[in-house]
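User: I would like to go through this model with you, one part at a time. Could you start with a helix and what it lies across?

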Amino acid sequence: MGCATLDLAGAVSLKLNNDTHFLRCSPKPFLSFVELIRSRRHLKGPPSNLLSCRADKSRPSFSLRAQSTTTVAPEEDRVVVLVIGGGGREHALCYALKRSPSCDAVFCAPGNPGISSSGDATCISDIDISDSSAVISFCQKWRVGLVVVGPEAPLVAGLVNDLLKAGIHAFGPSSEAAALEGSKNFMKSLCDKYRIPTAKYQTFTDPSAAKQYIQEQGVPIVVKADGLAAGKGVIVAMTLNEAFDAVDAMLVKGSFGSAGCRVIVEEYLEGEEASFFALVDGENAIPLESAQDHKRVGDGDTGPNTGGMGAYSPAPILTKELEDLVMKSIIYPTVKGMSAEGCKFVGVLYAGLMIEKKSGLPKLIEYNVRFGDPECQVLMVRLESDLAQVLLAACRGQLSEVSLNWSAGSAMVVVMASKGYPGSYEKGSVIQNLDEAEAVAPSVKVFHAGTALDSDGNFIAAGGRVLGVTAKGIDLKEARDRAYQGVEEINWPGGFYRRDIGWRALPLPQKQFVTGG
């Protein structure tokens with residue numbers, strides 16, 4: 001394509017006709033280059049405002065199989081994709097989309113320096129993703145055919161609603177459907193109405209009533225903020241004082257803002273947690289591969305909850321029989337219930353499950369309405385189907401025509417976080433040897449969740465969870481060994497990580513890994 005003749009500043013990547021081209025160009029010249037390519041394909045004008053996320057019966061049916069390095073999607077199915085967000089989940093989505101044969105180019109807004117430097121997407125840092133009109137304007141100008149919304153906040157705020165009104169395919173639920181995550185009380189009420197198995201609960205706005213209920217139920221017990229709390233609004237209280245303190249923090253002190261104006265006090269379920277993901281097109285649902293994460297900050301599942309300190313896929317606890325039961329008793333009733341309530345769900349249903357110890361049956365702990373983080377990382381490195389076409393099929397109501405292919409073996413991600421997380425932590429510590437980590441094995445990939453660049457061009461920590469060192473292997477042991485070998489290569493005295501990711505599925509190695517520094 002004559003890419004080598006461009007002599008501009010700033011590294012980005014473009015995928016055309018299944019070849020990845022790394023250009024030396026800043027966003028504006030690069031975007032002009034995309035426009036030139038798209039115009040040569042006779043794609044003139046902005047997307048038609050007649051597009052919607054309903055089934056398009058005029059489109060040919062298709063089945064998505066494992067992608068080949070020689071496969072090129074038909075011209076009419078090729079697409080430019082914009083990923084919304086800038087964390088580890090979004091980096092993994094960009095990585096998978098870049099490998100999609102039908103994907104012409106991947107943008108990420110705002111993205112992060114790790115996504116950009118890896119060549120997995122072109123980051124557009126100056127778009128305010130909370131401003132729907134700015135996102136729509138970008139999509140129309142650069143003929144974006146699919147927007148994939150990563151974080152929950154833009155979903156709850158209605159970004160997908162606005163994109164659909166503008167005629168732009170968007171993968172993710174409407175603001176109404178996003179209430180499955182945005183309000184735990186809404187989710188619990190849906191479970192009650194459609195007989196979806198979940199923990200016994202009560203909802204409170206009065207702290208005295210909540211404490212009285214806790215006293216009656218006894219401990220351990222779970223106290224949850226009703227709204228979005230960045231993964232930190234769940235307190236597993238082992239004593240009455242801990243439970244009362246959680247109620248006071250939410251309802252009296254306002255520590256969680258509006259998210260904690262209402263609390264759910266929930267039965268403590270004993271068993272093994274698992275993450276279950278399903279793609280949904282409003283009427284149909286297909287399961288993704290199983291994954292299991294580690295929420296507690298410390299080894300042995302100790303300490304406070306976090307957004308997730310690591311994950312692996314597949315999860316042995318989710319057998320085929322159990323997967324079928326989850327689809328039948330939890331996922332399908334949810335999809336049908338949401339449709340019956342007048343807010344069809346399109347996107348990813350991420351069910352946090354507890355496989356109860358006493359019954360061996362799954363119960364729904366909570367729903368998220370987007371890919372989990374860090375589970376997304378292990379799923380995306382294992383996915384072999386064309387992700388862009390899979391997500392478009394969901395938008396068009398065509399998931400019944402889709403089959404998914406996954407790589408054999410296992411994958412694991414180990415999250416490296418700033419010391420002090422999930423409490424207060426310092427930013428700005430330098431991170432080195434990331435290239436050396438990825439050189440451990442071809443299957444090792446470092447996803448960036450919270451990095452920035454300092455004035456000398458070094459990667460520095462800019463968040464709580466900072467890196468996700470991910471690896472594949474022929475089995476979980478090999479994936480674990482490679483992931484931790486990658487972690488050991490990284491020189492970051494300001495970081496820490498759990499040393500026992502995968503412990504439920506594997507015996508711990510005799511070698512005790514320590515934080516690199």
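Analyst: Helix 9 (residues 207–217) lies across strand 8, strand 9 and strand 11, and its direction is at about 160° to strand 8. Helices (H or I, at least four residues) and strands (E, at least two) are DSSP runs, numbered from the N terminus. Axes are lines fitted to C-alpha atoms, for helices over the stretch in contact, and angles run from 0 to 180 degrees between N-to-C directions.

User: Before we continue, what kind of model is this, and how are residues numbered?

Analyst: This is a predicted model, in which local features need pLDDT of at least 70, side-chain atom pairs count only at pLDDT 80 or more, and totals for chains, interfaces and linings use all residues. Residues are numbered from 1 along each chain as its sequence is written, and side-chain values use heavy atoms, with hydrogens and water left out.

User: In what order do the strands of the open sheet run?

Analyst: The order is 8-11-9-10, with four strands in antiparallel pairing. Two strands pair if DSSP finds at least two bridges between them. Strand 8 (201–204) and strand 10 (234–237) are at the edges with a single partner strand each, so one side of each has no neighbour in the sheet. On average, neighbouring strands of this sheet are turned by 20° against each other, direction ignored.

User: How many bridges join strand 9 and strand 11?

Analyst: Five bridges pair strand 9 (residues 221–225) with strand 11 (residues 263–267) in the antiparallel sense. A225 has V263 in strand 11 as its bridge partner.

User: Which strands does helix 8 lie across?

Analyst: Helix 8 (residues 184–194) lies across strand 8, strand 9, strand 10 and strand 11, at about 140° to strand 8.

User: At what angle do helix 8 and helix 11 pack?

Analyst: Helix 8 and helix 11 (residues 320–340) pack at about 100°, and their axes are 10 Å apart.

User: Next, which residues of helix 10 are buried?

Analyst: In helix 10 (residues 240–252), the buried residues are A243, F244, A246, V247, D248, A249, M250 and L251. Buried means under 20% relative accessible area, exposed over 50%, partly exposed in between (1.4 Å probe, protein chains only). Their cover includes strand 8, helix 9, strand 9, strand 10 and strand 11. After helix 10 comes G254, with a positive phi near 70°.

User: And helix 2, how many of its residues are buried?

Analyst: Helix 2 (residues 88–98) is mostly covered, with 11 of its 11 residues buried. Among them are R89, E90 and K98.

User: Now I365: which strand is that in, and is the residue buried or exposed?

Analyst: I365 lies in strand 19 (residues 362–368). I365 counts as buried because its relative accessibility is 16%. Leaving aside neighbours within four places in sequence, I365 is in contact with M187, K224, E266, E273, G352, L353 and M354. I365 and K184 are 181 residues apart in sequence, and their C-alpha atoms are 9.7 Å apart in space.

User: Finally, how many helices and strands are in the protein chain?

Analyst: The protein chain has 15 helices and 26 strands, and 56% of its 517 residues count as buried.

Notes: Contact = heavy atoms within 4.5 Å. Expected span 1.5 Å × (residues − 1).
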